[in-house]
Amino acid sequence: MKRAIYLDYAATTPARPEVVEAMLPYFTEVFGNPSSIYSCGQEARGAVEEARGKVAALIGAGHDELVFTSGGTEADNFAFKGVAHARESKGNHIITTPIEHHAVLETCKFLEKRGFQVTYLPVDQYGMVDPDDVRKAITSKTILISVMHANNEVGTIEPLAEISKIAREAGVYFHTDAVQTTGHIPANVNELGVDLLSISAHKLYGPKGVGALYIRKGTRLVSFMHGGEQESRRRAGTENVPSIAGFGRAAELAGQDMSEEAQRLTLLRDRLINGLSERIESIHLNGHPTKRLPNNVSVTFDFVEGESICLNLDLEGICSSTGSACSSSSLEPSHVLLAMGVPREQAHGSLRFTLGKWTTDEDIDSVLEVVPRVIGKLRAMSPLFKGR
Ligand code: PLP
């Protein structure tokens, strides 16, 4: 059977073989509880701390500034709820953007129901935040600003270093969701100037169900998992040792490969964008033309539905994604595209290809052959296209 062409690396990545190898001993041979004082437990503790060092090194953090979580969603929840509860007496105002992942947006909704006020900053046609808008939105009650490092749907990279200066001057904590950037482009906490940063292992060729929150030394945060004393009392629960070991290895490998891989993917990405634009009429690139993730190709095809394209491409062995997620029952267009001012009908025709470690030149050739054919077929059946 022909190998499927997987172009949905932003949804998840396969674990690298080296990562799986690094995890295996901790299921069986070194299965001890890291909190146990005998040697099998202490060996597991050693693995957790070694992994912490590797993930911390990837983002330029100190060893004790990293808390392991169950993934990006938990890291985002921890940052928002942790700051909200720690700083309640100072204020109840949070600033974020309407293009964040649902892990942030739903947490904001939860906090809004409990008396917090959230300002959603505008974004421009590329999904870019204007740092001046951040400055204007700050009030005496602002306790947290959160802007994602790069958007998961359209790939736009946000001007975090400029925003963090504004946050620092105002004495407001600054969080970023760096789930799509860590291990792919530099995400150094000191260069970005962030106090809190969320990471997820399964986006950087690590296992699913593990991630981390970077917490700058001195940042006050209330824990929301209560129980044992793990993670310096910041996140209770027996550590997921095999996954943490795999996360550490993935972070180490990502640090070694990052710049070369980013260059390789940028070339493939641009070949795909240009090739699609040359072969298909009425197509639009979503997101910033240059300040975008090296692996992201988000496009909108007029007169066709993203879901239909995605399902037809699946039949041809190509895995892609729509803003509203192929698997989801919701037919609402992407909240990200709508916030960028893309008209609803147009937003329905969006499709995302995200490239990764196993994407080859031949894969791009195949996509450039199949996609124009699929779009042609769907448009031939589209009353909107015929009646234009
Ligand atoms: N934040 C962003 C930007 C994401 O893309 C994702 C996952 O798609 C998450 C958070 C959630 O991460 P996790 O799947 O590890 O919970």
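This is a short tour of one structure, stop by stop. The model is predicted.

**Stop 1: the ligand**

Select the ligand and the residues around it. The shell has 13 residues, and G72, T73, D177, S200 and K203 come nearest. Colour the shell by residue type.

Which helix gives the largest share of the shell? Select residues 72-86. This is helix α3, and 3 residues of the shell come from there.

Start with D177. One of its polar side-chain atoms lies 2.6 Å from a nitrogen atom of the ligand. Go on to S200. Here a polar side-chain atom lies 2.6 Å from an oxygen atom of the ligand. Finish with K203. A polar atom of its side chain is 2.5 Å from an oxygen atom of the ligand.

How much of the ligand does the protein bury? Taken alone, the ligand exposes 390 Å², and the protein buries 86% of that.

**Stop 2: helix α6**

Select residues 160-170. This is helix α6. Show the side chains of L160, I163, S164, I166 and A167. These are the buried residues of α6. They cover an arc of only 160° around the axis, so they sit on the same side of α6.

On its other side, K165, R168 and E169 are exposed.

What do the buried residues of α6 pack against? Select four elements in turn: α5 (131-137), β5 (142-146), β6 (173-177) and α7 (189-192). The buried residues of α6 pack against each of these.

Step past the end of the helix. G171 follows α6, and its phi is positive, near 70°.

**Stop 3**

Select T354 first. It lies in strand β12, residues 350-354. Is T354 buried or exposed? Its relative accessible area is 1%, under the 20% cut-off, so T354 is buried.

Now show what surrounds T354. Leave out residues up to four places away in sequence. T354 then touches L7, D8, Y9, A10, N295 and N296. Look closely at Y9. The side chain of T354 reaches the backbone nitrogen of Y9 at 3.0 Å.

Move on to T359. It lies in the loop between β12 and α13 (361-380). T359 is buried too, with a relative accessible area of 1%. Which residues does T359 contact, apart from neighbours within four places in sequence? They are Y6, L7, Y9, R264, L268 and I364. Y9 and L7 are among the contacts of T354 as well.

**Stop 4: the loop between β10 and α10**

Select V304. It sits in the loop between β10 (296-301) and α10 (306-315). V304 has 8% relative accessibility and counts as buried. Leave aside its neighbours within four places in sequence. V304 is then in contact with I309, H348, G349, I375, L378 and R379.

Draw a distance line from V304 to A251. These residues are 53 places apart along the chain, and their C-alpha atoms are separated by 39 Å.

Next, select F303. It is in the loop between β10 and α10 as well. F303 counts as partly exposed, at 27% relative accessibility. Check its backbone. Most residues other than glycine have a negative phi. Phi of F303 is positive, near 75°.

**Stop 5**

Select residues 230-233. This is helix α8, and S232 lies in it. What is the phi of S232? It is about 50°, a positive value, although S232 is not a glycine. S232 is exposed, with a relative accessible area of 59%.

Last, select K217. It lies in the loop between β8 (211-215) and α8. Its relative accessibility is 60%, over the 50% cut-off, so K217 counts as exposed. Show its contacts, leaving aside neighbours within four places in sequence. You will find D64 and E65.

Now draw one more line, from K217 to L7. The two are 210 residues apart along the chain, and their C-alpha atoms are separated by 38 Å.

Technical notes:
Residues are numbered from 1 along each chain as its sequence is written. This is a predicted model: local features need pLDDT of at least 70, side-chain atom pairs count only at pLDDT 80 or more; totals for chains, interfaces and linings use all residues. Side-chain values use heavy atoms; hydrogens and water are left out. Buried means under 20% relative accessible area, exposed over 50%, partly exposed in between (1.4 Å probe, protein chains only). Helices (H or I, at least four residues) and strands (E, at least two) are DSSP runs, numbered from the N terminus. The arc is that of the directions from the helix axis to the C-beta atoms. Contact means heavy atoms within 4.5 Å. A residue is near a molecule or strand if one of its heavy atoms lies within 4 Å of it. A polar contact is a pair of N or O atoms within 3.5 Å; within protein, one must be able to donate a hydrogen and the other to accept it, and residues adjacent in sequence count only if both atoms are side-chain atoms. Accessible areas come from the Shrake-Rupley method with a 1.4 Å probe; for residues, only the protein chains shown count as cover.
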